[in-house]
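Subject: Handover of a structure and findings

Dear colleague,

Please find below the structure that I am handing over to you. My findings are set out after it, and I would be grateful if you would read them with the coordinates open.

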Amino acid sequence: MRTTKFRAWDNEKGEYDKPVFAAYAGKLHCLLLEFDGSLSEHNMGGLAHESTFPGRYVLEQFTGLLDAKEKEIYENDIVLLGDTTASRERQSVTFHNGCYGWWEGGSFALLSSYTDGGRQYIEVIGNIHQDKL
């Protein structure tokens, strides 16, 4: 069964969101993914819908695939492709028509074709928020 999980980039802080569950110390922060796909932020002041903080978070889904080093691959990750260092290229993972991959010369290359059965080396080296392609 495929694991469904998400991470959220915080445009305001410039880092991935980290939940804090220390209400006993007056510190509580977590993001909730609502049934309609919207985000809510839960903190000591209560719940706030994403309409009160538009564009602050970028939600990214786990692709269900791992790279050559067993690291999880998410949307907006930058990956290195290729079997040798001389022939490696960088791509950013995106979601299109129900599939994960990247655009290559006008066509969409599927991420799964690079990870299934070890046919080609793929490694997560960063993300589009902190690293340049």
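The notes below take the sheets first, then the hairpins, the pocket and selected residues.

Please bear in mind throughout that this is a predicted model.

The four-stranded sheet

An open sheet is formed by 4 strands in the order β2-β1-β7-β8, with antiparallel pairing. Its edge strands are β2 (15-16) and β8, each of which pairs on one side only.

Arg7 is placed opposite Glu60 in β7. On the other pairing, β1 and β2 run antiparallel and are joined by 2 bridges, and Trp9 has Tyr16 of β2 as its bridge partner. The hairpin of β1 and β2 has 4 residues between the strands, and Gly14 takes a positive phi near 70° there.

The three-stranded sheet

A further open sheet consists of 3 strands in the order β10-β9-β14, and the pairing is again antiparallel. β10 (89-92) and β14 (122-127) stand at the edges; each has a single partner strand, so one side of each is left without a neighbour in the sheet. On average, and with direction ignored, neighbouring strands of this sheet are turned by 30° against each other. The antiparallel pairing of β9 with β10 extends over 4 bridges, and Leu81 has Glu89 of β10 as its bridge partner.

Strand β11 (residues 94-96) pairs with strand β12 (residues 99-104) in the antiparallel sense over 3 bridges. His96 stands opposite Cys99 of β12. This hairpin has 2 residues between the strands, and Asn97 adopts a positive phi near 50°.

β12 also pairs with strand β13 (residues 107-110), in the antiparallel sense and over 4 bridges. Here the bridge partner of Trp102 is Ala109 in β13. The hairpin of β12 and β13 has 2 residues between the strands, and Gly105 takes a positive phi near 55°.

The largest pocket

Rolling a probe the size of a water molecule over the atoms shows where empty space is left. The largest pocket holds about 170 Å³ of space. Its lining is made up of Phe6, Arg7, Ala8, Asp17, Pro19, Cys30, Leu31, Leu32, Leu33, Leu39 and Leu59. The elements that give two or more residues to this lining are β1 (6-10) and β4 (27-33). The largest share, 4 residues, comes from β4. By class, the lining has 9 nonpolar, no polar and 2 charged residues.

Asn76 lies in the loop between β8 and β9 (77-81). Is Asn76 buried or exposed? With a relative accessible area of 17%, Asn76 is buried, because the cut-off for buried is under 20%.

Ala68 is found in the loop between β7 (57-66) and β8 (72-74). Its relative accessible area is 42%, so Ala68 counts as partly exposed, a class that lies between the 20% and 50% cut-offs. Ala68 and Gly105 are 37 residues apart in sequence, and their C-alpha atoms are 25 Å apart in space.

Yours sincerely

Terms used
Residues numbered from 1 in each chain as written. Predicted model: local features only at pLDDT ≥ 70, side-chain atom pairs only at ≥ 80, totals over all residues. Heavy atoms only, no water. Buried < 20%, exposed > 50% of the residue type's maximum accessible area, 1.4 Å probe, protein only. 1 Å grid on protein atoms, 1.4 Å probe; cavity = no way out; pocket = protein on both sides within 12 Å on 5 of 7 lines; lining within 4 Å. Points joined across faces, edges and corners; volume = space filled by probe spheres on them. Nonpolar A, V, L, I, M, F, W, Y, C, P; charged D, E, K, R; others polar. Pairing = 2+ DSSP bridges. Axes fitted to C-alpha atoms, helices over the stretch in contact; angles between N-to-C directions.
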